[in-house]
Amino acid sequence: MATKIRLQRGGRKSYAFYRIVIADARAPRDGRFTEKIGTYNPNTNPATVDLNFERALYWVETGAQPTDTVRNILSREGVYLMKHLKGGVKKGAFDEATAQKKFDAWKADKQNGLAKIAEAEAKAKKDAAAKELAQEKKLNEEIAKKVAEKKAAEAAAKAEAEAAAAAEAAAQEAPAAQEEGAAE
């Protein structure tokens, strides 16, 4: 039986979620499968992969052919590197402990790289938020300045109107006071 390591689709419309399965090459994509070895969620950033490493390595070593996407997933998870290192152990190039050390060093280096990328993304997001906040503060200051100018203009117009009313009232009272003073 020709076996394939492939993705089996799940999830809702426009939000795919995949199971990584071992299936007969003739079986349909979402049909029967032999074993589920993991999941793949491309909707997260970065894509989330949950893989049973030992079973994936077993199936790769027994000759199961992965699809292109699954091959990339297995490669990123280190399944193919471990297969290569086990081949070196079989040939006598180095022992099992050395192979495990090399794999652990590769995995640690990869984790550090992913941590740096995540840190850079977080810093970029924080900087963008700070820049947006600064722009918003500047805009709010400009609006506050315009409002203050408008209030000052209204206050000046009101004071002018009051002064004009007071002057008019004083002008009306002055002749009346002169008439009263003349009458006395």
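**Notebook: a look through the predicted model**

I began with Ser14, whose place is in the loop between β1 and β2. The model I am reading is a predicted one, and I keep that in mind for each entry below. Ser14 has a positive phi of about 65° although it is not a glycine. I noted this since most residues other than glycine have a negative phi. I then looked up how open the residue is, and Ser14 counts as exposed, at 69% relative accessibility.

**Overall layout**

Next I went through the elements of the protein chain and found four helices and five strands, which follow the pattern β-β-β-β-α-β-α-α-α when read along the sequence. The radius of gyration of the protein chain is 39 Å, well over the 16 Å that the globule rule gives for 184 residues, so the chain is more spread out than a compact globule. Along its principal axes, the C-alpha trace spans about 135 × 40 × 20 Å. I also looked up burial for the chain as a whole, and 21% of the 184 residues count as buried. Of the contacts between residues at least 6 apart in sequence, 36% join residues at least 24 apart.

**The largest nonpolar core**

Which residues touch the most other members of the largest nonpolar core? Among its 23 residues, these are Ile5, Leu7, Ile20, Ile37, Leu51, Leu74 and Val79. I then asked which elements contribute, and found that β1 (3-12), β2 (15-24), β3 (35-41), α1 (53-61), α2 (68-77), α3 (79-91) and α4 (96-183) each supply at least two residues of this core. The most comes from α1, which gives five residues.

I moved on to Asn41, which lies in strand β3. Is Asn41 buried or exposed? With a relative accessible area of 14%, Asn41 is buried, because the cut-off for buried is under 20%. Leaving aside its neighbours within four places in sequence, Asn41 is in contact with Ala16, Phe17, Ala47 and Thr48.

Thr44 lies in the loop between β3 and β4 and is partly exposed, with a relative accessible area of 31%. I looked up one separation from here: the C-alpha atoms of Thr44 and Ala156, 112 residues apart along the chain, are separated by 59 Å.

Pro46 is also found in the loop between β3 and β4 (48-51). A cis peptide bond joins Asn45 and Pro46, with omega at about -5°, and I marked this one since most peptide bonds are trans.

**The largest pocket**

Pro46 came up again when I turned to the largest pocket, where it is one of the lining residues, together with Ala47, Val49, Ile73, Arg76, Glu77, Lys107, Lys110, Gln111 and Leu114. About 240 Å³ of space lies in this pocket. Both α2 and α4 supply at least two residues of the lining, and the largest share, four residues, comes from α4. How many residues of each class does the lining have? I find five nonpolar, one polar and four charged residues there.

How values were computed: Residues are numbered from 1 along each chain as its sequence is written. This is a predicted model: local features need pLDDT of at least 70, side-chain atom pairs count only at pLDDT 80 or more; totals for chains, interfaces and linings use all residues. Side-chain values use heavy atoms; hydrogens and water are left out. A nonpolar core is a set of buried Ala, Val, Leu, Ile, Met, Phe, Trp, Tyr and Cys residues joined through side-chain atoms within 4.5 Å. Buried means under 20% relative accessible area, exposed over 50%, partly exposed in between (1.4 Å probe, protein chains only). On a 1 Å grid over the protein atoms alone, a cavity is a set of points where a 1.4 Å probe fits but cannot get out, and a pocket is an open set with protein on both sides within 12 Å along at least five of seven lines; lining residues have an atom within 4 Å of a point. Grid points are joined across faces, edges and corners, and a volume is the space filled by probe spheres set on the points. Ala, Val, Leu, Ile, Met, Phe, Trp, Tyr, Cys and Pro count as nonpolar, Asp, Glu, Lys and Arg as charged, and the others, Gly among them, as polar. The radius of gyration is taken over C-alpha atoms; the globule rule is 2.2 Å times the number of residues to the power 0.38. Contact means heavy atoms within 4.5 Å.
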